[in-house]
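Here are a few exercises to work through with the model open in your viewer. Try each task before you read its solution.

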Amino acid sequence: PFPNSSDLSPSSFILASIPGLEAAHFWMAILLGSMYILAVTGNCTVLFIVKVEPSLHAPMYFFLCMLAAIDLALSTSTVPRVLSFYWSGTREISFSACLVQTFLIHTLSAIESTVLLAMAVDRYVAICHPLRHAAILNNAATVKIGLVATARGVLFFLPLPLLILPLPFCSSRVLSHSFCLHQDVMNLACANTTPSMVYGLTAILMVMGLDAILICLSYILILKAVLQLASWKERLKVFSTCVAHICVVLAFYVPLIGLSTVHRFGKGLAPLVHIAMGNVYILVPAVLNPIIYGVRTKPIQRRILNLI
């Protein structure tokens, strides 16, 4: 049997479990472990191919490498701990480890959102201003964008664990997920959490929300330029270069919106819904991104076939 929250030390939380399904933890671990191995293999393959193939040393593929590195870091910061829980039944996570996990999840998500915006701008410049593309988005500019994305994520989301640090936790310490998220931890505090809630919502709107709006704006401008082409064949050919990026954007934002919706309005939902949405948010983009680009990007596809 698992310990009650009252048995835990003041500096720890209990990871969520699905009531009545403890016997299925082994199979859940197999499923999540398989997805994690697939995510690690796929993203490492993308990084390796771009590194060894000189023809892929271009901004578009460097952005793809950034996505792969972020997905590896995000899944690795959570999934091994989740697998440990399912395999060994150890539900307790220390307060400090929980804060670090909270910071990493939100910061890495913010960096990924910024990189997706940069990729949308890359597609816009390539389609709408092709003659200036090499001058605007060269390798040096790509490195600067990566540094700005990292700094933006850290600066916006470093205050989240710092706002949770002084809060007292005097009631239930059972989380809604099998890993730590800011809002989930914040809801367990027995104090005024308004500053933490307001800042967290503001940070998400200023980063993910603003990025989503700018990505939509980029594609509105791209669509406008594509529709000005003479034939439907040309339009489809040009717009097809954006399909992989659109799929990756959906793979990131749909689970993010779903998880946020469950947190805001799903307090009465079954624990299975919360845990499933959390695992989808952590693992699905990491699994899908290399598959999408492997299928849609012919140079990567050819290199993978050569390796096989």
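Helices here are DSSP runs of H or I with at least four residues, strands are runs of E with at least two, and both are numbered from the N terminus. This is a predicted model, where local features need pLDDT of at least 70 and side-chain atom pairs count only at pLDDT 80 or more, while totals for chains, interfaces and linings use all residues. Residues are numbered from 1 along each chain as its sequence is written, and side-chain values use heavy atoms, with hydrogens and water left out.

**Exercise 1.** Work out how much of residues 26-49 is helix, and how far apart the end C-alpha atoms lie.

Solution. Start with the record: an unreviewed UniProt entry lists residues 26-49 under "transmembrane region", along with others including 238-260. Positions are in the numbering used here, feature names are shortened, and such annotations may be inferred rather than shown by experiment. Next, check the span: residues 26-49 are 100% helix and 0% strand, with the end C-alpha atoms 34 Å apart. Then do residues 238-260, which come out at 87% helix and 0% strand, with 34 Å between the end C-alpha atoms.

**Exercise 2.** Describe how helix α1 packs with helix α13.

Solution. Two packed helices are described by the angle between their axes and the distance between the axes. Axes are lines fitted to C-alpha atoms, for helices over the stretch in contact, and angles run from 0 to 180 degrees between N-to-C directions. For α1 (residues 25-52) and α13 (residues 298-307), the angle is about 100 degrees and the axes are 10 Å apart. The two helices are therefore roughly perpendicular (65 to 115 degrees; under 35 is roughly parallel, over 145 roughly antiparallel, the rest oblique). Now list who touches whom, with contact meaning heavy atoms within 4.5 Å: Thr45, Phe48, Ile49 and Val52 of α1 meet Ile300, Arg303, Ile304 and Leu307 of α13.

**Exercise 3.** Is isoleucine 215 buried or exposed, and which residues is isoleucine 215 in contact with?

Solution. First place isoleucine 215: it sits in helix α9 (residues 194-227). Its relative accessible area is 4%, so isoleucine 215 is buried (under 20%; exposed is over 50%, partly exposed in between, with a 1.4 Å probe and protein chains only). Skipping neighbours within four places in sequence, isoleucine 215 contacts Leu116, Leu117, Ala120, Val249 and Tyr253.

**Exercise 4.** Find where histidine 177 sits.

Solution. Look in the loop between α7 (159-164) and α8 (182-186). Histidine 177 is buried, at a relative accessible area of 0%.
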